[in-house]
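This report describes how two chains meet and then turns to a single residue. The structure is shown first.

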Amino acid sequence: MNDLVFFLNKGITSGLIIGSIYALGAIGLTLIFGILRFAHFAHGDLMTLGAFVTLILAAALAALGVTLPLPLAFVVMFPAMAITAVLAIGLDKMFYKPLRQAGARPVVLVMASVGVTLMLQGVIRLFAGVRSRDMFVEAPKEIYRIPIPGATRKLVVTEPQILLMLFTIVAVIALHFFLTRARLGKAMRAVSDNPDLARITGINTEHVVWATWIIGGSLACAAGTMLSMDVTLKPDLSFNILLPIFAATIVGGIGQPYGAIAGGFLVGFCETLAVFNWSIVLRPFKDELWFDLPSNMSLVPTEYKLMVPFLILIIVLIYRPTGIFKGRVL
Amino acid sequence: MSSQTQNPIMRDIALFAALGVLVLVIFVSQGAVYSVRMLVEAGCYGIIALGLTIQWGYAGLFNVGIMGFIAAGAASSMLMTFPRNPDFWNSGGPELAGLFIVKLIACALALWLANNSNRWGVGPRLRALLITIAIAVSYLVLSFHMTVMSEEIEKASGWMGGLGLPVFFGWIIAGVIAGIIAWFVGKICLGLRSDYLAIATLGIAQIIKHFLKNADWLTNGTLTVSPMPWPVPSPADGEFLFARAAYLSVVAVALLITYLLLQRAYHSPWGRMMRAIRDNEEAAGAMGKNVNRRRLEIFILGCVLMGIGGAMLIHFTSIYDPSGFLDLNHTFLIWVMVILGGSGNNRGAIFGAIFVYIVWVMSEPLAVMLFATIATYGDQWLGWEAPSDFLSRALQMRVFVIGLTITLVLRLAPQGLLPERQARH
């Protein structure tokens, strides 16, 4: 029983957490990929930027002596999401829109986004340094230890993990209703399916572009904040988080928000279960196994964790480039 | 714009003359030893930039994993040329390593057979199953063998050591290894849109770096390897300046040969075909050109050049340190060189490489000086106390400047300083 609880703690919980973070990031990426038709390389740093905005707001409130029943960082995440969305629109106005209007090839936009990611990296590290920071400015995070009958080991869940899961569920439902019921959401799907046809039916593409950046930017901020609340805020995350999110986007099918959610959880679970030490779960069956149980039996050593999303990406690109949910191959 | 189209040759001469003056100023102000070092490194970057300019400028391929190909080239060249490690050869290591290669070939064969099983009448579902089994089994076999082998080798001899072969041979192998990796990446991604290639190259670069950092048995990991052998008498044998100048001449000759060959390729029917594919893929395909195959060719060729250039660069620094491969220095700096110099123009790539590298090297002390000044005056005038890692943040300023340069050049001068000149035949 103890081993099962260990598996729940280390395998399932962390898979769910990292999966929802990847999913939140991948939704934005897939919408940008589908509507604006380029791979947005600056998404990882947009996440870091959002987390920093949250941290600054939280620190400001904590300095004023505000205390709330929820962690400050979670509460100020909502204004921070709005700020990040505005920043994302600003980045689009300054760097991507002129290129789009000049009729640049999509690959030039990809390159511009690489330039933007470097600029964001530079600015963030210039003002904040490279050390990692704790998002819980006012009080340490609460950890719940839930006793399980028949086991001495307890189920461990932290407060931000619960908040993250709730937030992901709410965000996904809200996004679903927005995309299927709201006028603008339907317009977004139309532009994603066929931009020319959408334009001649009178859809204002400008508004669609704005909506894309608002959703992408705010979800990126949420994902970044949640990730840094779960562990710590690391300013040097960018390229390491980018690869799993791209993998999730492509696995799910480009332009498919639901696919991105599924892809995010798939990549997250694959990653956690690949580095999970299986010998602990197998230990109760030690006598029945035909081989000696080694002390560490993970499929992938932790230092090669990045291999997992990459391999998923490669396999999908070879055998099913449209992704699970039949997205586009642009 | 009008003057450059009217008189491109004058523009070339003027820019290269200005570059010559800049180099001369540095020679006078910084001394010969320093300047020769800078020129050698700039020359190596020039070769890498030529590799990128044919990928981006000739074929429009977006490669953000240059660092990976440089690292792979440097590591393989190091393994070829570093003196042998007698401890390793006297232990059971070579046997294990040989067995690993045999298993690797067997697994590759099994995977190939599974992948081509549809030719022998195997249905799609069975084929998918066969492929899955082949991948799973070969992964388990190889990773288990690698764990055993790395423990065994690290216990017996620390690491494998090199093969002690001549340096020029090592450079060729560097190109070959980089080319093989490029073949894999290109085979998978080149049929799809260019964004996928960017994502995949970004990923492979991170993985190569992680692997080299952690593979202590193969490359000594983060413990670094030095001194790397030189193809010419190294500074340890005698004169410092003479040794560096000899290395410079080797690099210059390599750069010149590469340039001449690429220039010839650009004006050949092959080069015209490449530009046709870049400018209008559908039309080129309709003319019967095999678009993906040509792209694969040029992608591999570019990566081979990156591997060779990277090997030359790391041999010169004489210390092989896998943590020293940085996205900024070994990927994005080269992008700035190419797009600033002028993509699709070989002279532009060389000009960009040398000019940007000089600016890059000079900017480091300048940025530190600027930040030190800010810290001093901020303290004196405003009573603002700078954070303890303030000076190390000066380097982050350069990240910002690189990003800003990329976006500005793309927007304001997409053709670069020396624009591509389409030859009229």
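## Area of the interface

In this predicted model, about 4400 Å² is buried between chain B and chain A, and 77% of that area is on carbon and sulfur atoms. Three residues, R193(B), Y196(B) and I199(B), supply 16% of the area that chain B buries against chain A, more than any other three residues.

The contact is made by 54 residues from chain A and 49 residues from chain B.

Between chain B and chain A, four residue pairs are in polar contact, with both residues at pLDDT 80 or more.

## The side of chain B that touches chain A

On chain B, the elements that give two or more residues to the side touching chain A are α7 (124-157), α8 (167-189), α9 (194-214), α15 (327-341) and α17 (394-412). Of these, α9(B) gives the most, with 14 residues.

By residue class, the side of chain B that touches chain A divides into 31 nonpolar, ten polar and eight charged residues.

## A residue in chain A

Helix α5 of chain A covers residues 159-181, and E159(A) lies in this helix. Is E159(A) buried or exposed? E159(A) has a relative accessible area of 9%, so it counts as buried, the cut-off being under 20%.

Leaving out residues up to four places away in sequence, E159(A) touches P69(A), L70(A), P71(A), E142(A) and Y144(A).

Methods: Residues are numbered from 1 along each chain as its sequence is written. Chains are lettered from A and ligands numbered from 1 in the order in which they are written. This is a predicted model: local features need pLDDT of at least 70, side-chain atom pairs count only at pLDDT 80 or more; totals for chains, interfaces and linings use all residues. Side-chain values use heavy atoms; hydrogens and water are left out. Contact means heavy atoms within 4.5 Å. Buried area is the accessible area (1.4 Å probe) that two parts lose on being put together, summed over both. A polar contact is a pair of N or O atoms within 3.5 Å; within protein, one must be able to donate a hydrogen and the other to accept it, and residues adjacent in sequence count only if both atoms are side-chain atoms. Helices (H or I, at least four residues) and strands (E, at least two) are DSSP runs, numbered from the N terminus. Ala, Val, Leu, Ile, Met, Phe, Trp, Tyr, Cys and Pro count as nonpolar, Asp, Glu, Lys and Arg as charged, and the others, Gly among them, as polar. Buried means under 20% relative accessible area, exposed over 50%, partly exposed in between (1.4 Å probe, protein chains only).
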